[in-house]
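I opened a notebook page for this chain and wrote down what I looked up, entry by entry. The entries follow the order in which I went through the elements, the cores and the charged pairs.

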Amino acid sequence: MDRDTLYLLIQSPTVLFAYWQLSSRKMSMIQEHFDKDWKALQPTLRFYHVTNLPIDSCQAESISELHLPPGESCFLSGFHPGQSYFADLGIVNEQGQFLPLLRSNTIQTPPIDTNQAIPSQQITNDQLHTYRPIAVSFQLITPEANEHFSAYSVYSPKNAYSADTDSGGDTD
């Protein structure tokens, strides 16, 4: 099946398994829109550590990123036991902005139980080829105020210049 999927599964209290599939239709549309090859668009997985409900990327305690590994799945380490996470798969535009394309499910890693014996058959983190997302930080930028803003364009009020009534533009 060719469908858009991003899903997180728990492997251990600190390791997640992620799998994804971007439909060929969506990938073609994105490549056509940006006029770039998929890899040139810097496909990225972004992970959000959240503590409050409802889950929202704006309320994330921390954010980490990983350039999309080859294939359509990978193990990821460095997560904290007993915490909630979700992920976005997206691209990075020419201005360095992350543009999300898919959102995963939200998972909660299990807490570490120090009283429980570890089974001898359990796979250790050393046996897995895991990727470790890198923490990212953002500088909060105050939006530039624009006194004369329309949902479609920036315009000047009619007292700034005489309006051309034949242009069909706003004259109010």
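**Entry: terms and overall content.** I take helices (H or I, at least four residues) and strands (E, at least two) as DSSP runs, numbered from the N terminus. I note that the model is predicted. I counted one helix and ten strands in the chain. Read from the N terminus, the order of elements is β-β-α-β-β-β-β-β-β-β-β. The chain has 172 residues, and 28% of them count as buried. I also looked up its accessible area, which is about 12200 Å², with carbon and sulfur atoms supplying 50%. For contacts between residues at least 6 apart in sequence, I found that 64% join residues at least 24 apart.

Entry: I looked at strand S1 (residues 5-10) and S2, which run antiparallel and are joined by six bridges. S1 and S2 make a hairpin, with four residues between them. Across this pairing, Leu9 stands opposite Phe17 in S2. I then checked the surface here and found a nonpolar patch formed by Tyr7, Leu9 and Tyr19, with about 250 Å² of accessible area together. Tyr19 belongs to strand S2 (residues 15-21). Why does Tyr19 count as partly exposed? Its relative accessibility is 32%, and I use the class for values between 20% and 50%.

Entry: I expected some grouping here, since nonpolar side chains tend to be buried together in soluble globular proteins. The largest nonpolar core has 22 residues, and Trp20, Trp38, Phe47 and Leu89 have the most contacts inside it. At least two residues of this core come from each of S1, S2, strand S3 (44-50), strand S5 (73-77) and strand S6 (84-92). S6 gives the largest share, four residues. I listed the partners of Leu89, leaving out residues up to four places away in sequence: Leu6, Trp20, Trp38, Thr44, Leu45, Leu68, Phe98, Pro100, Leu101 and Leu102. A second core, separate and of five residues, includes Val50, Ile63, Phe86 and Phe98.

**Entry: Gly90.** Is Gly90 buried or exposed? Gly90 is buried, because its relative accessible area is 0% and the cut-off for buried is under 20%. Setting aside neighbours within four places in sequence, I found Gly90 in contact with Gln42, Pro43, Thr44, Phe98, Leu99, Pro100 and Leu101.

**Entry: salt bridges.** Side chains of opposite charge can pair when their charged atoms come close. I found four salt bridges in the structure and wrote up three of them, as follows.

Glu94 forms a salt bridge with Lys36, and the closest N and O atoms are 3.2 Å apart. Glu94 sits in the loop between S6 and strand S7 (98-103), and Lys36 in the loop between helix H1 (24-34) and S3, so the pair ties together parts 58 residues apart in sequence. Glu94 is exposed, with 68% relative accessible area, whereas Lys36 is partly exposed at 31%.

Arg46 pairs with Glu65, with the closest N and O atoms 2.3 Å apart. Arg46 is in strand S3 and Glu65 in strand S4 (residues 62-67), so this pair ties together parts 19 residues apart in sequence. Where do the two stand on burial? Arg46 is buried, and so is Glu65.

Arg103 and Asp88 meet through their side chains in a salt bridge of 2.7 Å, N to O. Arg103 lies in strand S7 and Asp88 in strand S6, so the parts tied together are 15 residues apart in sequence. Arg103 is partly exposed, with a relative accessible area of 44%, while Asp88 counts as buried at 3%.

Terms used: Residues are numbered from 1 along each chain as its sequence is written. This is a predicted model: local features need pLDDT of at least 70, side-chain atom pairs count only at pLDDT 80 or more; totals for chains, interfaces and linings use all residues. Side-chain values use heavy atoms; hydrogens and water are left out. Patches are made of residues with over 30% relative accessible area and no salt bridge: like charges are joined within 9 Å, nonpolar side chains (Val, Leu, Ile, Met, Phe, Trp, Tyr) within 5 Å. Accessible areas come from the Shrake-Rupley method with a 1.4 Å probe; for residues, only the protein chains shown count as cover. Buried means under 20% relative accessible area, exposed over 50%, partly exposed in between (1.4 Å probe, protein chains only). Two strands pair if DSSP finds at least two bridges between them. A nonpolar core is a set of buried Ala, Val, Leu, Ile, Met, Phe, Trp, Tyr and Cys residues joined through side-chain atoms within 4.5 Å. Contact means heavy atoms within 4.5 Å.
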